[in-house]
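Dear colleague,

I am passing on the structure below, together with some notes on what was found in it. Please read the notes with the coordinates open beside them.

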Amino acid sequence: MQGSLAQRISLPACCHPLLSPLLLSSSISSSSSSSRRLFPLSAGASSVFSPCCIFFFFFRRRRQRRCLQFSSCSSSSLWCSLLPVCSRALRRCVVEGCSIHTARDCWYTSGDLEMMELEDKDLLRKQAALFPLSKGVKFSYGTAGFRTDAALLPSTVFRMGVLAALRSLCTKRATGLMITASHNPVHENGVKLADPSGGMLNVAWEPYSDMLANAPDVENFLQIVEHIVKRENIQSRNAASGEVLLARDTRPSGEALVSAARQGVEAVRGTVAHDMGVLTTPQLHWMVRSFNNGVPASESDYFHQLSDSFRMLVELWHANTGDSTHSEELIVDAANGVGASKLTRLQHLTTSLGLQVRNSGNEGGGLLNDGVGADFVQKEKVLPHGFQLPADVGKRCASIDGDADRLVYFYIPEKHEDGYSGPVCTLHLLDGDKIAAIFGLFIIGQLRILAGYKSSVSDATTAHKAVVPGYGEVKVAVVQTAYANGASTNYIKQVLGLEVATTPTGVKHLHKKAEQYDIGIYFEANGHGTILFNEIFSQWLQDASVQQKEAEHRQAAKRLVAVNEMVNQAVGDALSGILMVEVVLRYQGWSVEQWDSMYKDLPSRQLKVKVKDRAVIITTPDETRVASPSSLQEAIDTEVGKYKGGRAFVRPSGTEDVVRVYAEASSQQSADALAQAVCVLVYHLAGGVGPEP
C-alpha cells in the first residue's frame, strides 16, 4: 500500500490515531433482530480471529466501496507494521490488550457510517454545542484523570460523561465518574473515570479520553464518538442498559460540573446517570465495584461494611488478649475536604475508634489543601495548620488528602535524636512505605498461624512461602516503585521475609501487579495504596473461618476475612487505611513511636535535569536501571559504589523534557552528593541543556 491509510480513507486529521481501533473490531458478532445496532452488520458475522488468518475489512467512502485485504500473517506484526499512523499507546493496546475478531464476509451498506439514528446524533450535537472547548487548553488523561482550573472544565466533563456512557454500554456494566482534583488547590477541579471493576479507567481507553477532550469542535467530537462506537462495536438498545454513577467532592465548582457530566451521560441513548452526591473518591470506586458485583452499594452500605469489619477485628483482639482498653485517640488532619464529614460519620459507627478531626472545612478560614493534607505533610515534612507545639507533642496524628485517597501518619517526638528533651519541631513522618510494612507484618502473622507455626513472628526463609494446609502455598508480596525508601524494602525482605515486587511509577501499575498474588499489598510513599485479596483465596478463607479444626486457626481466618472486607479492593482509601492501621497497632500493642522504629529511613534526595529529548533515556520496566545509553548506567553504578548504602536511579519525565534523579545513602550529605553527581552524568551523557548542574 502506498501512502497513509488515513489518507486513503479520508479520515479527518484529528482522527488519524483512531485508525488502528477502526480496523480492529473488538467484538463483531451477530445479534437478535430485536437488538438495534449502532453499527449495522449483516447476519452471520463473525468467527473469532486466530493469530494467523486472512482478515477482510470493507470501508465505504462516500458512495463507493473500497476493500482493504491483508494477507496471512501474525496479528501483532500485521497491525504494528501496516498502521504507522497509530499512536504508540494504541498500537500497544491492539497487540496486547484487545481480542481480535474477523469481519470476513461482513459487508457494510450505504448507511454504515451512521452510528446513530439521526435524532440521536442531533441530541448529542445539540448538547455538545452547549459546552464549547476552552481555547488554548491541551488535555492529557493520566492516573489523576484531567485536572485544571475549574472554569476550563465544563466541556471536558461533558465529554467524559459521554465516554463513561460509552464504556458502560461497551462493557454492559456500570461505570463511575468522579469530580475532584484531589490534593490540588480549591480553585482547580478535575474529572476521572472508574471502570466497571471499580479500578481506574482501562488504559486502552485513555487515548479516547484525550481525543474527545481535545476535539476542536462539535463535528470533530461527533466523528470521534462514531469511531469509538465502531471500534468497540457498541450496540444501541431501546431500554436503558448503561449506567454511570456520578459523585463530587466539596469544591464549590463541583455541583455545576456534575450537571455537565450528567448531560454528557444522558446525551447517549440507552444510558442513565445516578448522582450519588458528595463522596470521597474511594467511596465512588467502591460503589461501582459493589454495584457490578451485585451487592448493596449505597454510602450507608460502605460505612456499615467498614465499621462491622473493624468491630469484628477489635472483638477478636479482645477475645485473644482480654484487653478491653481503648488506645489514645488519633488526631486526623482532614485537609478541609470531604473526608472530614465521612470520618465523623465513621466514628459514630465505631465507638471504639477514638478520633479527633481537625481541618474539617467547617471551622472558617481554612481552605481545601492549603497548608494541610497528606500531600502537604508528606512533601514538606512540617506540621499542617491546626496543629501546634507543645500541645501536640507525642500524639499520634494522621493526614488525609482532599478527596481522602491518601493517608500518612506523623508525630512530634518528646525527645530529639541528639537526646535533647522538650518540644522540638521535628516531624517524624510515617508514609506509605511504613504503612505497607505494618500491614505486611499483620498479614504474614495471621498466615503463619494458619500454617501451623508456633509464632506469628516471621523469618526471611519461610514467610512469603507459607504453606497453609488445605490451600497450599499462599503467595504474598508487597508491591513498590523505585521511589520506595531502600530501608523499607530491606525490612520487608529481610525481617518480614516477604517478596517485594517493583513496578513503574503510578498506582495503576502497582494495582495490576498486586492482583497477581493471593494477597498483594501496595503503597506509594505518598500514602496511596491498599491490600488486594485473590478471589479464590478469599473464598477459602471464608470456608476456613468455620471449618478449621483449631480455634486459633479459625480466628486467624476470621481476621483475614474481616481485613478483606474492611480494606477497599478497588483503590487506595484513607478511611479504611486508618481503620487498618489502628487495628494493627492494637494487636501489636505499639505506640506510634514503636511503629516508627520498625526501621529508619535512609536519607534521600530528588533532583531533575533539563535535557533536549527525554526519550534518549530508556529504563528497564521497573525503572530502577537505565537500559540505554548503557554508558550512563555504568557511570551511575560507579558513583553509587562510592557511598555507603548508596542507591540511585534516573527516569525520564512523562510530561516534559526533564530527567528525574533519585539518590539515597547512609547520610544526608552523601545522598545529596550522590544525587548531584548523577545529575552531572545525565547532563553530559543524555544531552543536558542550560547550565551544568
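Rings of Phe, Tyr and Trp, the last through its six-membered ring, are taken as a pair if their centres lie within 6.5 Å. With that cut-off, ring pairs join Phe131, Phe158 and Phe221 into a cluster. Please keep in mind throughout that this is a predicted model.

By this rule the count comes to 18 aromatic pairs. Another edge-to-face pair is that of Phe439 and Phe523, at 5.7 Å centre to centre and with 70° between the planes. This pair links distant parts of the chain, since Phe439 belongs to helix α14 whereas Phe523 belongs to strand β17 (residues 519–523), 84 residues apart. Phe439 has a relative accessibility of 2% and therefore counts as buried, and Phe523, with a relative accessible area of 5%, is buried too.

Helix α14 itself covers residues 432–450, and because each residue should contribute 1.5 Å, its 19 residues should span 27 Å, which agrees with the 27 Å between its end C-alpha atoms. The helix is mostly covered, with 19 of its 19 residues buried. At its start, a side-chain oxygen of Asp431 comes to within 3.1 Å of the backbone nitrogen of Asp433, while after the helix comes Gly452, with a positive phi near 95°.

Helix α10 (residues 281–292) can be checked by the reasoning used above: at 1.5 Å a residue its 12 residues should span 16 Å, and the end C-alpha atoms are 17 Å apart, which agrees. Since 10 of the 12 residues of α10 are buried, the helix is largely enclosed by the rest of the structure; among the buried residues are Leu284, His285, Trp286, Met287 and Val288. This helix is followed by Gly294, whose phi is positive, near 75°.

With best wishes

Terms used:
Residues numbered from 1 in each chain as written. Predicted model: local features only at pLDDT ≥ 70, side-chain atom pairs only at ≥ 80, totals over all residues. Heavy atoms only, no water. Helix = DSSP H or I, 4+ residues; strand = E, 2+ residues; numbered from the N terminus. Expected span 1.5 Å × (residues − 1). Buried < 20%, exposed > 50% of the residue type's maximum accessible area, 1.4 Å probe, protein only. Polar contact = N/O pair within 3.5 Å; in protein donor to acceptor, adjacent residues only side chain to side chain. Phe/Tyr/Trp six-rings, centres within 6.5 Å; stacked < 30°, edge-to-face > 60°.
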